[in-house]
Amino acid sequence: MPKVLVQSEKAPVTGFTDKSRPSPLAQAIRAGDFLYVSGQGPLDPATREVVSDDIAAQTRQTLSNLKHVLEAGGASLAQVVNMRVCLRNTTDFPAFNEAFRDFLDGEKVTRTCTGGTPHRTGVLVEIDCVAYLG
């Protein structure tokens with residue numbers, strides 16, 4: 001079965017170090033009944049700049065970007081089966097978790113949240129996911 005690349009104009013293209021060069025990443029790939037969404041961050045889709053230095057605002061923007069990529073792949077948050085989260089500062093977890101809970105509005109997913117250093121200065125959160133489309 002071939003993989004199908006998914007792209008949304010409503011979410012930023014990520015995976016760049018040098019903005020003048022094309023990204024080596026797909027926003028998402030559909031393989032069979034699964035949609036694998038690349039890590040999304042708190043970037044404005046138009047400017048590709050970090051939207052805020054506030055973890056709650058960054059979480060909302062990251063999830064919004066993720067949602068747009070899911071929609072471009074024919075999915076919704078209701079079909080997400082797993083999310084992985086990387087927080088730059090683990091002390092941000094309570095504020096992150098509240099913004100996450102509010103955004104998901106009762107939807108349940110499995111999730112792993114770890115501390116780490118996202119590749120871009122100013123990025124406090126990155127989230128990827130897998131959705132089941134079958």
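**Salt bridges, core and surface of the predicted model**

Arginine 84 and aspartate 128 form a salt bridge through their side chains, with N and O 2.5 Å apart (a salt bridge is a side-chain nitrogen of Lys or Arg within 4 Å of a carboxyl oxygen of Asp or Glu). The pair links distant parts of the chain: arginine 84 sits in strand β4 and aspartate 128 in strand β6, 44 residues apart. Strands (E, at least two residues) and helices (H or I, at least four) are DSSP runs, numbered from the N terminus. The model is predicted, so local features need pLDDT of at least 70 and side-chain atom pairs count only at pLDDT 80 or more, while totals for chains, interfaces and linings use all residues. Residues are numbered from 1 along each chain as its sequence is written, and side-chain values use heavy atoms, with hydrogens and water left out.

Aspartate 128 is buried, at a relative accessible area of 15%. Buried means under 20% relative accessible area, exposed over 50%, and partly exposed in between (1.4 Å probe, protein chains only). The side chains of aspartate 128 and arginine 84 are also joined by a polar contact of 2.5 Å. A polar contact is a pair of N or O atoms within 3.5 Å; within protein, one must be able to donate a hydrogen and the other to accept it, and residues adjacent in sequence count only if both atoms are side-chain atoms. Beyond its neighbours within four places in sequence, aspartate 128 is in contact (heavy atoms within 4.5 Å) with Val37, Ser38, Gly39, Leu66, Asn82, Met83 and Arg84.

The whole structure holds three salt bridges. Arginine 120 and glutamate 49 meet in one of them, at 3.2 Å from N to O. This pair also links distant parts of the chain. Arginine 120 lies in the loop between β5 (110-115) and β6, and glutamate 49 in the loop between β3 and α1, 71 residues apart. Arginine 120 is buried, with a relative accessible area of 14%. Glutamate 49 is partly exposed, at 37%. Glutamate 98 bridges to arginine 101, with the closest N and O atoms 3.0 Å apart. These two residues are three apart in helix α2, so about one helical turn separates them. Both are partly exposed: glutamate 98 at 40% and arginine 101 at 48%.

The largest nonpolar core has 25 residues. Such a core is a set of buried Ala, Val, Leu, Ile, Met, Phe, Trp, Tyr and Cys residues joined through side-chain atoms within 4.5 Å. Leu35, Val37, Leu70, Met83, Phe96 and Ile127 have the most contacts inside the core. Two or more residues each come from β3 (34-40), α1 (55-72), β4 (80-87), α2 (93-104) and β6 (125-132). Helix α1 gives the most, with five.

Glutamine 58 lies in helix α1. Glutamine 58 is buried, at 0% relative accessibility. A polar atom of its side chain lies 2.7 Å from the backbone nitrogen of leucine 124. Excluding neighbours within four places in sequence, the contacts of glutamine 58 include Pro42, Val50, Gly122 and Val125.

At the surface, Phe34, Tyr36, Val81 and Tyr132 form a nonpolar patch with about 350 Å² of accessible area together. Patches comprise residues with over 30% relative accessible area and no salt bridge; like charges are joined within 9 Å, and nonpolar side chains (Val, Leu, Ile, Met, Phe, Trp, Tyr) within 5 Å. Areas come from the Shrake-Rupley method with a 1.4 Å probe; for residues, only the protein chains shown count as cover. Tyrosine 132 belongs to strand β6 and is partly exposed, at 37%.
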